[in-house]
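Hi,

Here's the structure I promised to send over. Have a look at it first, and then read on for what turned up.

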Amino acid sequence: MQETCVTVTLMRILSKYYLVSGEQWCLDYIEKAAVNALYGAMNTKNQKAYSWESKSFHDPLPFDSYAPLTYSRHGIFTAGCRPLNDGTVYGCCACIGSAGVALYPLNAHINRNEDLLINYLFPCKIKDEDSDIEVVGNYLVDKKIVLKIKSLGKLKTVNVRIPKFIDGYNVNESLVEKDGYLIINKCGEFIFNFNFDIKYKVFNNKAIFKYGALVLGQDEELNPKGLINIDLNNLSIKKIQPVDNELVRFNINGNIFANYSELGKHWDNKTI
């Protein structure tokens, strides 16, 4: 299990170190922590949780305390659960989770003197008195991203960070690549095509599937007939339509996989 407090504390340390050092590996780990462990702990289905202190269930909190890393479930108990005078409760992970949610986008766009660093290409509009920039597409799942620079204003350059999880890319314009960034010094519409797909690695006799920065997982609700062992030497992978808030969904050898951050959300039913 990965505790939500630990996830956010790691992100906070990495964020501060990145702002001081400029070392990009910090951004990779902030990204991985946010889109997997942190978002995976968000209580999007308004589920109750359990207090070991009172030996009872309590009203929903915005974050679960732990993100299961192996075959387990959410909502086992609320870490640091403490009662309030009005009868409600709070927990340390439920309180710190919002800081982690903020850190990911706060590190997405950094002003450095007269240069703008775009570290994460998720959909947004960047505007001030002079500059007007828009990102269309979500780099976590879309292989085609459009960057529209309508006005640079006082900016000299827009520096687009190349995602570390991709296998390659091409752009419709000739751009200079420097220190992991593509340097843009003019207005226009820039189309980025990224190449990435499902990969896996084996750790402690367990296979970990990833799609870009997203860890994939299984859920009993998605596989009501039970989970099937997967022959890694004979993989059959088909991308299918995501459901509800899922970012991606795949059929791998008859098993339904989706991005980990949307799995196990009905933990009142003890869903694995």
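A residue counts as exposed when its relative accessible area is over 50%, as buried when under 20%, and as partly exposed in between. Keep in mind that this is a predicted model.

With that cut-off, Lys150 is exposed, because its relative accessible area is 52%. Its salt-bridge partner is Glu134, with 3.7 Å from N to O. Glu134 has a relative accessibility of 16%, so Glu134 is buried. Lys150 sits in strand β11 (residues 144–151) and Glu134 in strand β10 (residues 132–136), so this pair ties together parts that are 16 residues apart in sequence.

That pair is one of 6 salt bridges in the count. Another is Arg161 with Asp28, where the closest N and O atoms are 2.2 Å apart. Arg161 belongs to strand β12 (residues 157–161) and Asp28 to helix α2 (residues 25–40), so the bridge ties together parts 133 residues apart in sequence. Here both Arg161 and Asp28 are buried.

Then there's Asp167 with Lys199, whose side chains meet in a salt bridge at 2.5 Å, N to O. This one links distant parts of the chain, 32 residues apart: Asp167 is in the loop between β12 and β13 (168–171), while Lys199 is in strand β17 (residues 198–203). Asp167 is partly exposed because its relative accessibility is 46%, and Lys199 is partly exposed too, at 43%.

Now for a histidine. Where does His74 sit? You'll find His74 in the loop between β4 (66–67) and β5 (82–83). His74 has a relative accessible area of 2%, so it is buried. The side chain of His74 makes a polar contact of 2.8 Å with the side chain of Asp64, and a polar atom of the His74 side chain lies 3.1 Å from the backbone oxygen of Gly40. Leaving aside residues up to four places away in sequence, His74 also touches others, including Tyr66, Pro68, Tyr260, Leu263 and Trp267.

Last, Ile230, which is in the loop between β19 (214–217) and β20 (237–240). Ile230 is partly exposed, because its relative accessible area is 23%. Beyond residues up to four places away in sequence, Ile230 touches Phe209, Gln218, Leu235, Ile252, Asn253, Asn255 and Phe257. Ile110, by contrast, is 120 residues from Ile230 in sequence and 43 Å from it in space, C-alpha to C-alpha.

Cheers

How values were computed
Residues numbered from 1 in each chain as written. Predicted model: local features only at pLDDT ≥ 70, side-chain atom pairs only at ≥ 80, totals over all residues. Heavy atoms only, no water. Helix = DSSP H or I, 4+ residues; strand = E, 2+ residues; numbered from the N terminus. Buried < 20%, exposed > 50% of the residue type's maximum accessible area, 1.4 Å probe, protein only. Polar contact = N/O pair within 3.5 Å; in protein donor to acceptor, adjacent residues only side chain to side chain. Contact = heavy atoms within 4.5 Å. Salt bridge = Lys/Arg side-chain N within 4 Å of Asp/Glu carboxyl O.
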